[in-house]
Amino acid sequence: MDEPQSTSRKQQGGTFAPSQRGRFFHWLDLRTGVDSLLHAALDEPIPGGASLAYVFGSGLLFLFVSQIITGVFLALYYIPSADHAHTTIAYITKEVTAGSFIRSIHAYGSSAIVIVLLLHITQTFLFGSYKGKRELLWFAGCVLFALMLGMSFTGYLLPWDQKAFFATTVGTNILSEIPWVGNALKSLLRGGTEMGTLTLSRFFVLHVFMIPAFIFAGVAAHVYLFRKAGAAGPIQGNAATLKQSTEPFYPRQVLFDIVFALLIICGLGLLAHFSPMELGPKANPADTQYVPRPEWYYIPVFQWLKYWEGALAIVGILVIPGFVALLFVALPFLDRRPERRPWKRPAAVTIYAIIFIGLGVLGGLSHRNDLRDPAVASQLAKQHEDVVSFMKAPFEPELAGSSLAAANVALANPLAAKGKDIFEQQGCNACHGDGGVGTAAAPKLIGVGAKYDGAKLEALLKQPNSKMTAGGMPATTDLKDEDMKALVAYVQSLK
Amino acid sequence: MLEGNDGNSPGAPPATSRDVSLSSPDRRSFLGVLLAVGTASVAALLSVPLFRFVLHPLLRSTTPLSWAEVGSVDELAAAASPIKKLITVEQRDGWRKIVSEKAVYVIKQANGQLTVLSSICPHLGCSAAWHSENNEFLCPCHGGRFGADGKLLGGPPPRGMDRLETKVEDGTLKVHYQYFRQLVPDKEVIA
């Protein structure tokens with residue numbers, strides 16, 4: 001840093017004015033105020049200068065945007081229904097050009113967000129950047145943290161494969177430990193007492209519409225409060241030196257942030273390319289052998305819950321995590337000293353370290369337990385084999401519903417089978433569709449047997465009512481009696 | 001300015017100070033252009049898989065031409081009159097497949113060659129059926145009549161019955177099932 005110089009963009013704009021570009025910029029600025037917007041965005045002062053320690057926040061913003069883009073694109077092919085979700089994800093993974101890559105970027109992106117978020121929180125904590133009128137800023141960050149955990153929890157179910165289904169079954173079961181309202185909450189989230197297609201719809205809506213809306217609001221609040229409070233800067237240094245080394249956000253910090261974003265996307269890209277996200281076989285709720293394991297960042301919590309049984313469960317599941325969460329949210333209120341150097345804040349740093357080391361130890365214990373229990377280890381190995389063989393198998397398209405109706409007509413009843421031939425000979429299928437599925441020209445016949453008995457059907461075929469005639473239905477008069485019986489039997493068989 | 005100063009970051013001055021070399025307009029704008037071009041190229045690179053993802057249905061035919069088996073050539077060639085055959089047609093529609101049965105008629109031409117006719121009447125799309133007692137195809141809807149070779153004999157249809165593309169593989173007759181536009185005098189594929 002040489003001698004500090006105070007210039008604003010306005011003054012610079014003045015020096016540009018004569019040039020063509022300057023004139024255009026001036027014209028645009030008069031109409032949009034882009035100059036002051038750029039000024040507000042880029043000239044934010046960073047006390048002590050740009051630093052690699054400050055890249056995590058913008059890294060999270062970058063990842064969030066990446067998740068939105070990849071998520072929107074995935075929605076081009078995805079269907080949130082228990083019938084189709086797994087097929088569509090398999091289609092994306094196995095068939096669609098670059099589908100596996102984009103899905104992997106999205107799925108690994110959630111892990112990347114967790115990692116960068118932990119780095120962001122740790123940096124904020126160690127630098128004591130939550131201090132000094134930044135309680136609301138910290139609180140908005142906590143809300144975003146919770147929303148992000150909600151995003152990863154709801155997103156995990158969407159592929160509807162075995163691990164998604166069973167991990168979410170366990171995850172939602174935890175809710176029922178909450179006294180009084182637990183079961184009601186669980187049913188509300190699942191859309192019923194059991195996991196099913198309504199659970200998938202709810203998780204999809206939460207994942208794609210509701211939580212993202214809250215995240216947008218949360219990010220806006222977080223960034224606004226951050227700009228209001230100003231960058232906290234380094235943890236020590238006297239006012240004079242800090243003032244001297246203050247530099248604006250642009251260009252050096254912008255450069256750091258861009259480099260970090262590049263590192264993230266390169267890492268994700270390499271991972272997605274060389275180790276694409278897997279998809280397991282479709283969820284089978286009847287499987288009683290399946291050993292579910294949550295995503296890696298939930299493993300410590302999963303292990304923690306193992307230690308709390310019976311009457312104590314509520315302590316482990318609700319009281320202690322609730323207390324830790326409260327402690328976390330209330331941090332800026334509890335730790336009010338202006339001191340920011342971590343080595344002068346031993347109590348806070350120790351508690352923080354204990355919690356994170358504890359989570360790490362729990363994760364390690366879970367891993368060790370799985371390895372040591374031969375039954376679990378072999379089941380997990382089998383599950384992995386299932387995933388590998390599913391991934392190797394070519395994509396199997398789903399048989400469309402209308403096909404099934406047609407295929408059903410491999411009829412057990414020989415009379416109905418004969419009726420099917422007559423149905424086609426007479427050209428009934430030209431309007432009513434193959435297998436009586438209906439077309440634009442005439443309604444479907446599936447289920448019509450429940451409405452009319454055989455005699456009535458025969459009568460209608462011989463002499464259609466006025467509504468049918470108006471729709472173009474001809475009278476069937478040239479059929480032999482036995483053929484008419486067969487045709488009626490066939491129409492009745494359409495279910 | 002959005003940002004304010006607080007008591008705990010004593011260094012943050014209200015005015016910004018910066019490196020002279022970076023603040024000179026030329027250097028700053030050069031860096032800005034460099035950054036803009038750099039980020040734009042990376043963004044363009046990143047959008048390549050997204051474009052390919054979106055364009056997948058256009059770049060790859062989602063309803064590939066599938067050949068449906070009709071039956072053994074020897075067996076079909078032995079028949080004197082048109083034979084009705086139900087063929088199974090499989091269509092791909094994105095991640096699903098639609099399996100349907102279609103009725104076709106196999107006829108033997110004068111030179112002994114087998115031809116497959118779609119049973120769909122070119123008038124309004126009803127199924128024409130072979131009536132051996134009259135030795136002709138009859139459409140049950142509006143009385144279209146076709147000869148044993150599929151040629152139009154009478155009634156409202158604008159053309160004869162539509163021939164389907166065939167091939168023989170390992171003694172098996174295969175057909176490429178297609179739909180044709182109705183009410184026009186010339187055969188025109190619609191799907």
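Among contacts in chain B between residues at least 6 apart in sequence, 45% join residues at least 24 apart. Keep in mind that this is a predicted model. Of the 191 residues in chain B, 26% are buried. The chain has three helices and ten strands, and from the N terminus on its elements go α-α-β-α-β-β-β-β-β-β-β-β-β.

**Domains**

Both chains come with a domain assignment. Chain B is split into domain 1 (20-59) and domain 2 (68-176), and the C-alpha centres of these two sit 58 Å apart. For chain A, the assignment gives domain 1 (30-392) and domain 2 (401-493), with 56 Å between their C-alpha centres.

**Strand pairing in chain B**

S3(B) pairs with S4(B), residues 114-118, in the antiparallel sense over five bridges. Tyr105(B) has Leu117(B) of S4(B) as its bridge partner. The hairpin of S3(B) and S4(B) has five residues between the strands, and there Gly112(B) takes a positive phi near 90°.

S4(B) also pairs with S9(B), residues 163-169: these two run antiparallel and are joined by two bridges. Here Val116(B) has Leu164(B) in S9(B) as its bridge partner.

Then there's an open sheet of four strands, in the order S5-S6-S7-S8 of chain B, with antiparallel pairing. Its edge strands are S5 and S8 (152-154) of chain B, each of which pairs on one side only. S5(B) is joined to S6(B), residues 136-138, by three bridges, and the two run antiparallel. Across that pairing, Trp130(B) stands opposite Phe137(B) in S6(B).

Here are the strand pairs of chain B side by side:

| Strand pair | Bridges | Sense |
|---|---|---|
| S3(B) and S4(B) | five | antiparallel |
| S4(B) and S9(B) | two | antiparallel |
| S5(B) and S6(B) | three | antiparallel |

As a reminder, strands of a sheet pair through backbone hydrogen bonds, either parallel or antiparallel.

**Helix H19 of chain A and what surrounds it**

Over in chain A, H19(A) covers residues 414-425.

H19(A) packs on H24(A) at an angle of about 100°, with the axes 7 Å apart. That angle makes H19(A) roughly perpendicular to H24(A). On the H19(A) side, the contact is made by Leu415(A), Ala416(A), Lys418(A), Gly419(A), Lys420(A), Ile422(A) and Phe423(A). On the H24(A) side, Asp483(A), Lys485(A), Ala486(A), Leu487(A), Ala489(A), Tyr490(A) and Ser493(A) take part.

Notes
Residues are numbered from 1 along each chain as its sequence is written. Chains are lettered from A and ligands numbered from 1 in the order in which they are written. This is a predicted model: local features need pLDDT of at least 70, side-chain atom pairs count only at pLDDT 80 or more; totals for chains, interfaces and linings use all residues. Domain bounds come from an automatic or database domain assignment. The expected span of a helix is 1.5 Å times one less than its number of residues. Two strands pair if DSSP finds at least two bridges between them. Axes are lines fitted to C-alpha atoms, for helices over the stretch in contact, and angles run from 0 to 180 degrees between N-to-C directions. Angles under 35 degrees count as roughly parallel, over 145 as roughly antiparallel, 65 to 115 as roughly perpendicular and the rest as oblique. Two residues are in contact if their C-beta atoms, placed from the backbone, lie within 7 Å. A residue is buried if 20 or more other C-beta atoms lie within 10 Å of its own, exposed if 12 or fewer, and partly exposed in between; C-beta atoms are placed from the backbone.
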